[in-house]
Amino acid sequence: MLQAATAFPRHAAPASHADMANAIRALAMDAVQKANSGHPGMPMGMADVATVLFSRFLKFDPQNAAWPDRDRFVLSAGHGSMLLYALLYLTGYPDMTLDELKAFRQIGSRTAGHPEFGHAGGVETTTGPLGQGIATAVGMALAERLLATQFGKDVVDHYTYAIAGDGCLMEGISHEAISMAGHLKLNKLIVLWDDNQISIDGPTSLSVSDDQITRFQASGWATIRVDGHDPEAVAAAIAAAQKSDRPSLIACRTVIGYGAPTKAGTAAIHGSPLGPDEIKGAREKLGWPYAAFEIPDAILTAWRAVGAANATKKQAWDKALAALPATQRSEWDRRIKGDLPADFAKVMDDYKAKLAADKPKWATRKSSQMVLEVINPAVPETIGGSADLTGSNNTKTAGLNPVKPGDFSGRYIYYGVREHGMAAAMNGLALHGGLIPYGGTFLVFTDYCRPSIRLSALMEQRVIYVMTHDSIGLGEDGPTHQPVEHLAALRAIPNLLVLRPADAVETAEAWQVALEQKHRPSVLALTRQDLPTVRTSHTKENLVARGGYELIAADGTAKVTLLASGSEIAIAMTARDLLQQDGIPTRVVSMPSFELFDTQDAAYQEKTLGPGTVRVAIEAGVRQGWDRYLGIKGGFIGMSGFGASGPYELLYKHFGITPEAVVQAAKQRL
């Protein structure tokens, strides 16, 4: 084991590197012990690396935590959250107080068990699931390169750093992320790997024998291996990485729980408090004679000086931003605020009027592409992409050139077959600020994207997921590709907006709604098969924003209300005509978004659902979620199992999703 630092006097001045690193270790030990919960080993092991990074390289200003040109620091190994919290306190972030550290992992504190975006300045992203951080950092680094190309290096010129652990590199998402970063030559991305060879179960040799250096090199990264407890070696490696023309991995060989007398270097210190005796021994070994949570003035002063060191850089940046031409400065300010262009609503209304007049018969994936042809020129911050399904998702428009390795002048990203990595990278693009990412794959593959989608919702990020082939309507690819349960599963995620439009007009409205959500991600579920235009009269109001609305009124006093979304609206309309012919007044309600409908007032909901009417819902997915709208006697026409392979028209008949079945279900309940 590497030797720990020797003892020093209580009022040592000036503070040394060891003093500053030991302050992190002590706070991590104390906070975890007080909470009787947490992970002290990683913060103690990476304290030297973090001290070098923050004190010598990282560009940040605690008094301006949202400074757009700050370096981004992502703690991908989020279980080691006390490393980040200690750094934020020591460097002087106003909302990270000593009391917050003492409240580690407690209800209402800013110091959650894993870093949570929005809880405190300096927490750049939520990093709970391992691997998410490094993949999100790829998106942040990509955003920096894109915006630097658009606005110039005088206002956009910063690095993205991530500390990743063995677990992050084991997770499959890391493979997608490092491959993407290497391909694009994201040279301002630097990953510091906590190479401590320990996981929860014990030595990493129990489960992996990967040569990570060779792996990263094969993906186009620059690599270097250093002693993570040698500050000069770490500093030299970071300095070299900053000059690289490729993303860089710095493998930092560390001792987990560095300084603990009996638990250092073992799995026992990974995720449990050290205990009073081990903490006492660690204090002696590290030469830290201070009480719990006590940081000597000299050491705290040294750390606060680190926090204040970039104030002049921030001031210089303010001047550079002010020097931009007025139109460019205005555009920058608008984007950073997250506002849409002032004429956006009019652009969308004009387009809707054209659609109502033209009445196109398009698949909603095609409708999505056509509205993007209007949106992308009008909203220059959109960044499109697809996970190797561009021609199927229809996410690329005429004005979007591809982003290429080392060339970031485009606005379209070929993500490759990397659904998981794409979704996480889009989170990074959104978190960085100044861009609105959207990306596509098949709806069934939201299973691959789901952890990142969940984090989009948790972090309240405007990320738009374009998910096509939304039902058995995709046809011959069969049950592996037919997403029968996915709408219900996505609707279960809090703060996620699921939009399933019925025609070109609703698709345009759905896109407008999604773009207007500053603090919410959206999923657009879109068809492969062509659909008729059902909104043939133009309305200035965005009806999709209501979540549900009466599409067709009954002829006479309504006895039946048919509720449907997406492609099944056409089935509902035909069923309505059949019921009307039989003397049963029937109305059709379009339900493109449960989440938006649930926010409407009770009177609107009751009126829309049709009090006193028999209700039947039609959707080519499972029933889950619909019952709250149907009442006690309500019916459902949809799927109760997996799909099958065959032409979609025959599949709808095979599974009984037909106008005739709807009519029968309604009559049975009258």
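**Exercise 1. Work out whether F54 and F60 are buried or exposed, then look at their rings.**

Start with burial: F54 and F60 are both buried, where buried means under 20% relative accessible area and exposed over 50%, partly exposed lying in between (1.4 Å probe, protein chains only). A word on the ground rules: this is a predicted model, where local features need pLDDT of at least 70, side-chain atom pairs count only at pLDDT 80 or more, and totals for chains, interfaces and linings use all residues. Residues are numbered from 1 along each chain as its sequence is written, and side-chain values use heavy atoms, with hydrogens and water left out.

Next, the ring rule: rings of Phe, Tyr and Trp (its six-membered ring) pair if their centres lie within 6.5 Å, with planes under 30 degrees apart counted as stacked, over 60 as edge-to-face and the rest as tilted. That rule gives 19 aromatic pairs. F54 with F60 is an edge-to-face one, at 5.4 Å centre to centre and 65° between the planes.

**Exercise 2. Find which residues are linked by ring pairs into a cluster with W626.**

First take W626 and Y629, an edge-to-face pair at 6.4 Å centre to centre with 80° between the planes. W626 counts as buried because its relative accessibility is 0%, and Y629 is buried too, at 3%. Now widen the view: ring pairs join F594, F597, Y604, W626 and Y629 into a cluster.

Then check for charges over the rings (NZ of Lys or CZ of Arg within 6 Å of the ring centre and within 35 degrees of the ring normal). R491 lies over the face of F594, 3.8 Å from the ring centre, and R546 does likewise for Y604, at 4.3 Å.

**Exercise 3. Identify which residues touch the most other members of the largest nonpolar core.**

Define the core as a set of buried Ala, Val, Leu, Ile, Met, Phe, Trp, Tyr and Cys residues joined through side-chain atoms within 4.5 Å. The largest has 146 residues, and M82 and W303 touch the most other members. Helix α6 (residues 132-151) supplies the largest share of this core, 12 residues; helices (H or I, at least four residues) and strands (E, at least two) are DSSP runs, numbered from the N terminus.

Finally, list the contacts of W303 (heavy atoms within 4.5 Å). Beyond its neighbours within four places in sequence, W303 meets M20, A23, I24, T51, F54, L87, L90 and T91. A second, separate core has 43 residues, including V534, L563, L579 and A620.

Key
Contact means heavy atoms within 4.5 Å.
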